[in-house]
Amino acid sequence: MTKMPTLQVVKIGGNVIDNPSALASFLQDFALLDGPKLLVHGGGKIATQMAASMGIESKMIEGRRVTDEESLRIVTMVYAGWINKSIVAELQALSCNALGLTGPDGGIVLSKKRAAEPIDYGFVGDIVSVNAAALSGLISADFSPVFAPITADLSGQLLNTNADTMAQALAIALSASYQVTLTYCFEKKGVLLDPADDESVISSINPASFQELKDKGIVSAGMIPNLENALKAISAGVSLVRLCHAENLQKTNIGTKISA
């Protein structure tokens with residue numbers, strides 16, 4: 001049996017994007033990763049700042065952006081435009097052959113508008129399918145895709161999409177052809193046993209220990225959907241999921257590893 005090639009899918013959040021020096025350092029590390037790789041980025045505070053400068057109020061519910069028609073224009077311009085192309089340009093300067101993409105490009109990610117009940121988030125998309133063959137073709141041609149979290153539905157309606165979920169969906173779709181490692185880079189060194197102690201990193205989590213950590217209230221709020229995303233990826237064929245600080249992308253022994 002032929003061994004499948006490896007692929008690294010990496011997601012970075014707004015905390016990196018909002019800090020130019022942290023982003024530059026992260027992109028150097030990403031460019032140096034061996035083998036095929038793919039990057040998914042979030043949006044950071046730039047969309048909120050641009051909306052404010054245009055007199056448009058940004059509405060958030062439970063930390064998630066409510067995307068009305070005006071907000072959709074702004075997040076598309078900022079995420080798929082300024083942020084995505086800035087990252088692609090920096091990676092090209094580092095000799096990483098990056099290709100900036102959104103879901104509609106090549107029909108790679110299809111989504112549908114989230115139902116208005118129980119909470120109406122507006123033009124927010126839930127992913128329906130990924131065209132893994134098209135994406136694999138780009139990777140095989142030695143491109144490193146860089147995805148902004150904008151997708152579209154069958155009618156061509158653009159939709160704002162959760163970047164963590166987008167990274168998970170891409171990793172799962174590609175796991176049929178690659179041994180995929182999915183790395184979520186965020187502001188902590190990993191999942192912490194004590195939120196006040198940055199050194200209390202939990203080295204590994206599986207479904208049973210996740211339930212125990214949740215029952216004890218050790219993981220709560222936004223970390224719960226993050227870990228649910230990670231566990232779903234593992235159960236759907238992704239080889240390894242890791243949560244770590246962006247500074248530790250290259251240090252594979254640091255962070256929290258998710259196992260089946």
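The following is a conversation about how terms are applied to this predicted model.

Biologist: What kind of model is this, and how are residues numbered?

Modeller: The model is predicted, and local features need pLDDT of at least 70, side-chain atom pairs count only at pLDDT 80 or more, while totals for chains, interfaces and linings use all residues. Residues are numbered from 1 along each chain as its sequence is written, and side-chain values use heavy atoms, with hydrogens and water left out.

Biologist: Why does T67 count as buried?

Modeller: Buried means under 20% relative accessible area, exposed over 50%, and partly exposed in between, with a 1.4 Å probe and protein chains only. T67 has 0% relative accessibility, so T67 counts as buried.

Biologist: Where is T67, and what does T67 touch?

Modeller: T67 sits in the loop between strand 4 (64-66) and helix 4 (69-93). Helices (H or I, at least four residues) and strands (E, at least two) are DSSP runs, numbered from the N terminus. Contact means heavy atoms within 4.5 Å. Not counting residues up to four places away in sequence, T67 touches L72, V75, Y121, G122, F123, V124 and N160.

Biologist: What makes K257 partly exposed?

Modeller: The relative accessible area of K257 is 33%, so K257 is partly exposed. K257 lies in strand 14 (residues 256-258). The C-alpha atoms of K257 and L240 are 7.2 Å apart, although 17 residues separate the two along the chain. Beyond four places in sequence, K257 touches residues including S203, I205, L240 and V241.

Biologist: Is K11 buried or exposed, and how do you know?

Modeller: K11 has 11% relative accessibility and therefore counts as buried. K11 belongs to strand 1. Not counting residues up to four places away in sequence, its contacts include V40, A163, T183 and C185.

Biologist: What makes the largest nonpolar core a core?

Modeller: A nonpolar core is a set of buried Ala, Val, Leu, Ile, Met, Phe, Trp, Tyr and Cys residues joined through side-chain atoms within 4.5 Å. The largest one has 38 residues, and those with the most contacts inside it are L38, F147, L170, L182, L227, V241 and I258. Among the elements that give two or more residues to this core are strand 1 (6-12), helix 6 (163-174) and helix 8 (223-235). Helix 8 gives the largest share, 7 residues. A second, separate core has 33 residues, including V10, F26, L91 and A246.

Biologist: Why are helix 7 and helix 8 called roughly antiparallel?

Modeller: Two packed helices are described by the angle between their axes and the distance between the axes. Axes are lines fitted to C-alpha atoms, for helices over the stretch in contact, and angles run from 0 to 180 degrees between N-to-C directions. Angles under 35 degrees count as roughly parallel, over 145 as roughly antiparallel, 65 to 115 as roughly perpendicular and the rest as oblique. Helix 7 and helix 8 pack at about 170°, with axes 11 Å apart. The two helices are therefore roughly antiparallel.

Biologist: Which residues meet there, and of what class are they?

Modeller: From helix 7, P207, F210 and K214 meet I224, L227, E228 and L231 of helix 8. This contact has 5 nonpolar, no polar and 2 charged residues. Ala, Val, Leu, Ile, Met, Phe, Trp, Tyr, Cys and Pro count as nonpolar, Asp, Glu, Lys and Arg as charged, and the others, Gly among them, as polar.

Biologist: How do you know that the buried residues of helix 5 line one face?

Modeller: The buried residues of helix 5 are A132, L135, S136 and I139. Seen down the helix axis, they fall within an arc of 100°, so they line one face of helix 5. The arc is that of the directions from the helix axis to the C-beta atoms. Strand 1, strand 2, strand 7 (125-130), strand 8 (144-147) and helix 6 are among the elements covering them.

Biologist: Why is D142 called exposed?

Modeller: D142 has a relative accessible area of 61%, so D142 is exposed. D142 lies in the loop between helix 5 and strand 8. Its phi is near 70°, a positive value in a residue other than glycine.

Biologist: What makes S95 exposed?

Modeller: S95 has 72% relative accessibility and therefore counts as exposed. S95 is in the loop between helix 4 and strand 5 (98-101), and its phi is near 65°.
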